[in-house]
Amino acid sequence: MKDYGIQIDVDGRPFPVDCVADVVRSGKQIQTFPDDVFIATFPKCGTTWVRHIICQLIIEDYKPRAGKELFVYTPFIEYTGKQLIDRMPRPRIFKSHYMYDDHPKHPKAKYVFVVRNPKDVVVSAYHMSKNLKLNCYDEINFDIFFELFMAGGYAFGCYFDYHKEWLAHLDKCDSLLLKYEDMVKDLKTATVQIGEFLGGRAAEIVENPEKLGEVVEASTFKSMKEDQGRWFEAIFKDQQQFVRKGTPRDWKNYLNKDQSDRVDQKFKEAFKGTMAENWFKEEMKWED
Ligand code: A3P
């Protein structure tokens, strides 16, 4: 496959071209603590959504303002690296897309793992990539992007390998598994699940109907679509297009039948005999 210059290789794994190899490597070695919370996802599975919910549940003075607040409160390990992270005050909340093998571990830390069907992930990833100020995606159309995604040549690697590896180890960590599609259907239940899993202040908030209602209201698609400078620094051409569609099955507007069948086949092969075997049946079927 042609090299489009969208990624760098760090010890055999692909990372976005704006990552620094030594920072990525150092991130794997951060010092970990029992009260760490790790939000572990493949890109575009709802990471920012869950970060925003968790920050509201854990951090007393969290009021997302334009700028880098999410990066300060829930740093992206691969971009932040060990030197800065090891100086952070506890308790700490992290975002990362590392494969399980590379991911920092602590037997008592909490892992919130968010999954989403691959057809919507590839479409969401395509839109975000085209919206990046980095111009390396300029000559990539959807069909090329789809091939890169299927070949594991997009950003943090192969969707299928990433999930296979994590799912095989989830029971070894104190983890909460969330499905993006379930969160879309019932945000309140997902928020309660997150709060109960995290315990402490987070559990107290979700037990209080008024406070729970406030968190849910601030985390709806409509709320998060507003004032999107809150979620990222100025890395996008159009800052208001990060929280974009927010619905399952937008992929029907992009994938043709052959591409859809290929994802189905790959999904079947990758997850046969795993807990994911029967996931996303409704969201991924071709028929409307
Ligand atoms: P779409 O591009 O399909 O709309 P990540 O944070 O992992 O990069 O995920 C981004 C995806 O989550 C985008 O999907 C974005 O719209 C969606 N998202 C963010 N906040 C959301 C919310 N409150 N409700 C539903 N989807 C949300």
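The model is predicted, so local features need pLDDT of at least 70 and side-chain atom pairs count only at pLDDT 80 or more, while totals for chains, interfaces and linings use all residues. Residues are numbered from 1 along each chain as its sequence is written, and side-chain values use heavy atoms, without hydrogens and water.

I start with H5, residues 118-131. Helices here are DSSP runs of H or I with at least four residues, numbered from the N terminus. At 1.5 Å a residue, counting one less than the number of residues, its 14 residues should span 20 Å, and the end C-alpha atoms are 20 Å apart, which agrees. Twelve of the 14 are buried, so H5 is largely enclosed by the rest of the structure; buried means under 20% relative accessible area with a 1.4 Å probe, protein chains only. Among the buried ones are Lys119, Asp120 and Tyr126. The cover includes H6 (142-150), H7 (159-169), H13 (257-271) and H14 (281-284), where contact means heavy atoms within 4.5 Å.

Next, Phe236, in the loop between H12 (221-225) and H13. Phe236 is buried, at 3% relative accessible area. Leaving out residues up to four places away in sequence, Phe236 touches Met128, Asn131, Leu132, Lys133 and Phe242. Met128 and Asn131 are also among the buried residues of H5.

Last, the pair H2 (47-58) and H9 (187-198): they pack at about 55 degrees, axes 10 Å apart, with axes fitted to C-alpha atoms over the stretch in contact and angles running from 0 to 180 degrees between N-to-C directions. The contact residues include Trp49 and Ile53 of H2 and Thr191 and Gly195 of H9.

Methods: Helices (H or I, at least four residues) and strands (E, at least two) are DSSP runs, numbered from the N terminus. Buried means under 20% relative accessible area, exposed over 50%, partly exposed in between (1.4 Å probe, protein chains only).
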